[in-house]
Amino acid sequence: MNASPAKILIVDDEPNVLKALSRLLKAYATVTVESAEEALLIAEQQAFDLVISDYRMPGINGIDFLILFKRLQPDAIRVVLTGFADLEGAQHAINEAEVFRFINKPWSNLEIVHVVESGLAHKRMLLENRALADQVRAQQKLLAEKDALIRALEAEEPGITKVHWAADGSIILDDADLE
């Protein structure tokens, strides 16, 4: 069974950028919007695997948008598209929005594709790690419950959990049989 293509939200106030990125990422299910406000409304209704946002947009800037988006969809990978270098903005994006990558305008098509592929692989790894951690926690809970049961049995009947086995698989009932 083939998995459905990853869903990518692209947010930029320039229609030409949206068209170019949409064409470049045609292997994915892309949704394009021209404003952060509209993107947030869509994000309340649809789940996305990855979001690419322009840094400078009218209204809500890209970083503030990604911070709000992260609250709605914390597992989505966040990418910033920017036409200028701003160390303070980059620091804010990394610390608050947990941005996966920055892509500079004008971009390289190979770079965009690589960032999207590595971002989606990163998301898969994070989700797999979470599932494994959940599995470990469930196993630890079962072991703790079994340990508590054994302690309760021992408290009620001391020695009941200390079984001595013979080589043939039978239970040895008398300590004298051990010699």
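Reader: How do you know how far to trust the chain?

Author: The model is predicted, so local features need pLDDT of at least 70 and side-chain atom pairs count only at pLDDT 80 or more, while totals for chains, interfaces and linings use all residues. Residues are numbered from 1 along each chain as its sequence is written, and side-chain values use heavy atoms, leaving out hydrogens and water. On pLDDT, the predictor's confidence in each residue from 0 to 100, the chain averages 88, and 92% of the residues score at least 70.

Reader: Where is confidence lowest, and where is it highest?

Author: Helix α4 (residues 87–97) has the lowest mean, 69, and strand β1 (residues 7–11) the highest, 98. Helices (H or I, at least four residues) and strands (E, at least two) are DSSP runs, numbered from the N terminus.

Reader: What makes β1 and β2 a pair?

Author: Two strands pair if DSSP finds at least two bridges between them. Five bridges join β1 to β2, so they meet that rule, and they run parallel. Ile8 stands opposite Thr30 in β2.

Reader: Which order do the strands of the sheet follow?

Author: The open sheet has five strands, in the order β2-β1-β3-β4-β5, with parallel pairing. β2 (29–33) and β5 (101–104) each have a single partner strand, so they stand at the edges, with one side left without a neighbour in the sheet.

Reader: Which residues does Ile60 touch?

Author: Contact means heavy atoms within 4.5 Å. Leaving out residues up to four places away in sequence, Ile60 touches Ala36, Glu37, Leu40, Phe65 and Leu68. Ile60 itself lies in the loop between β3 (50–54) and α3 (62–72).

Reader: Why is a pocket called a pocket, and not a cavity?

Author: On a 1 Å grid over the protein atoms alone, a cavity is a set of points where a 1.4 Å probe fits but cannot get out, whereas a pocket is an open set with protein on both sides within 12 Å along at least five of seven lines. The largest pocket holds about 160 Å³ of space, a volume being the space filled by probe spheres set on grid points joined across faces, edges and corners.

Reader: What lines the largest pocket?

Author: Lining residues have an atom within 4 Å of a point, and among them are Pro74, Phe100 and Arg130. Helix α5 gives the most, with five residues. By class, the lining has six nonpolar, one polar and five charged residues; Ala, Val, Leu, Ile, Met, Phe, Trp, Tyr, Cys and Pro count as nonpolar, Asp, Glu, Lys and Arg as charged, and the others, Gly among them, as polar.
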